[in-house]
Amino acid sequence: MSELRAKLVAGEDNRSSFDCAAHAVSSFAQDDKFVGDSEQGQIQGSFATLRMTTSEECADASLGMTATNEVENDHEDDVDVTPFDKLREECGIMAVYGHPDAARMTFWGLYALQHRGQESAGIASSDGQELNDIKGMGLVSEVFTDEVLARLPGHIAIGHTRYSTTGDSALLNAQPISVESTMGLIAIAHNGNLVNLGNSKARLERDGAVFQTTSDSEIIIQLIAHSRCNTLVDCIAESLAQVDGAFSIVMMTRNRIFAARDPHGFRPLSIGRIAGADGAPDTFVFASETCAFDLLHAKYERDVRPGELVMVSEDGVTSRRFAPETVPHASCIFEHVYFARPDSRIFGRWVQQSREAMGRQLARESAVDADLVVPVPDSGVTAALGYAAESGIPFNFGLIRNHYVGRTFIQPEQRTRDFGVRMKLNPMRSLLEGKRIILIDDSIIRGTTSRKIVRMCRAAGATEVHMRISCPPTISPCFYGVDTPSKRELIAANKSVEEICRFVEADSLAYLSLVGLTYSCTTNEPANGLSPASFCTACYTGVYPTQWVDVEDILPAGALVG
Ligand code: SF4
């Protein structure tokens, strides 16, 4: 992130109009996997680096990074077709306390959270005496074989799967990050993105901190390691109170687990429990999304509350606050639009319920005469089902997605013919030919992919293509753990809806209104449940819940001319 920062007073920013356009992302089957022999080689080659608690081990990590770069250089002529013009979630986190094979349970949890990050995976575990961690580049199942998991014994574990937004995208910044403190070794796994780091980092370095990574997550653990409080739990609470931005974290020592969410509650984190068999104590689990609990047969208990620090030890579960309850909540509404799996319960609400309501509301707000509702798979599927149910227009899969597309060599001449998108999506001519279709997607980020999909549908015989987007136009970047382009690259920040419609070559284009989106994410909530004010909607409004954001990134394209 750029060092150019400025304080924004909420409401002063005048870029909250929705005259501009476009946003969102794709759904739970973000199968942007790295496949192919050389990618496997990257995992094996970089896998020698384990825990980074000393500078020597840090140097090992650098070697791993070099190996990684060498592999990537072999692919200079490759086209990475995976991004697909979608925003990307940064991380998934997981923790297990009180299971004899905690690392394997964490592995399965991370497996269910793979859609939240595909670049690296890591697990730390402890048997009460010794804390070990292993990290590698690649998918969870590629990094953690049976043999590797066997090197992570113990009843306590935390895990992380990563797609980075700050720090280098490399093994050096893979998590969990472990740091030695006066109170022993501490490991952390973080989902989110901190803001306003400059002062904290400079002060820590003056106090002798040696940063091992360029990740913002390390700030938290270094603050803890340099805290002068008497107990570890006080050190953690004091440190969390000093940082600003988005953080859902799990941490561990040799014999305890900690879990916390930032006071705004940007990113999700839930607590589950597995009943102990034959009188054995229960196992406690923490995960970014509840879909991870299902795989472990864990029962959802509740969310970690914004501003809450939960500790699990042999004495049981305790909780304390590190921030007042009066801080306004700002849970990321985009988790409901796109990031989270539809079978997850996020911020206490089923994602599927919100997404279907978005489709229904979109049909009410922007009806159009047509023959077929077609989702852009996979992210548009649930909203398209809602749209079809509300409009009475038949639904069908007019586009088929290949889930096994990775980083693949494409001949230079193929690049000019939309080859990347066609590798990933294939139209069903038998369904589209002669039909007026409503294409449902959850985002238009730069617009180029949407245009290719519209062209693809027309080429397959669709007579009209009407695009409907299940959230408002994305007009501003995210600073809270989501990889977004800067404002100059967001098409909606620079063009009107009509201009975007012309750009993507659709017959018509409409977005869900902001009121319609918050209604969809709160309808049928109990009186003490989610309300429109519970959510961050900054990427649709340009009004940020925290005071510090990156000025350069929020400048519109016009401001950069000259
Ligand atoms: Fe989510 Fe807010 Fe970031 Fe948008 S700006 S992706 S709503 S946290």
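1. Contact here means heavy atoms within 4.5 Å. On that rule, Ser354 touches His336, Arg349, Ser520 and Cys521, leaving aside residues up to four places away in sequence. Ser354 is found in helix 11 (residues 351-365). Helices (H or I, at least four residues) and strands (E, at least two) are DSSP runs, numbered from the N terminus. Ser354 is buried, at a relative accessible area of 0%. Buried means under 20% relative accessible area, exposed over 50%, and partly exposed in between (1.4 Å probe, protein chains only).

2. A word on the basis. This is a predicted model, where local features need pLDDT of at least 70 and side-chain atom pairs count only at pLDDT 80 or more, while totals for chains, interfaces and linings use all residues. Residues are numbered from 1 along each chain as its sequence is written, and side-chain values use heavy atoms, with hydrogens and water left out.

3. The ligand shell comes next. Around the ligand are Arg267, Cys332, Ile333, Phe334, Cys478, Tyr480, Val482, Cys536, Ala538 and Cys539. A residue is near a molecule if one of its heavy atoms lies within 4 Å of it. The shell divides into nine nonpolar residues, no polar and one charged. Nonpolar covers Ala, Val, Leu, Ile, Met, Phe, Trp, Tyr, Cys and Pro; charged covers Asp, Glu, Lys and Arg; the others, Gly among them, are polar.

4. Now the cysteines. Cys478, one of the residues around the ligand, counts as buried at 18% relative accessibility. Cys291 also counts as buried, at 3%. The disulfide count is zero, where a disulfide is a pair of cysteine sulfur atoms within 2.5 Å.

5. Look at strand 8 (residues 177-181). Four of its five residues are buried, so strand 8 is largely enclosed by the rest of the structure. Strand 8 runs antiparallel to strand 9 (residues 184-195), and five bridges join them. Two strands pair if DSSP finds at least two bridges between them. A hairpin of two residues links strand 8 to strand 9. Ile177 stands opposite Ile188 in strand 9.

6. Helix 17 (residues 497-504) has two sides. Val497, Ile500, Cys501 and Val504 are buried. These four cover an arc of only 105 degrees around the axis, which puts them on the same side of helix 17. The arc is that of the directions from the helix axis to the C-beta atoms. Glu498 and Arg502 are exposed on the other side. Cover for the buried residues includes helix 15 (448-459), strand 25 (464-469), helix 16 (491-494) and strand 27 (508-511). Just after helix 17, Glu505 takes a positive phi of about 65 degrees.
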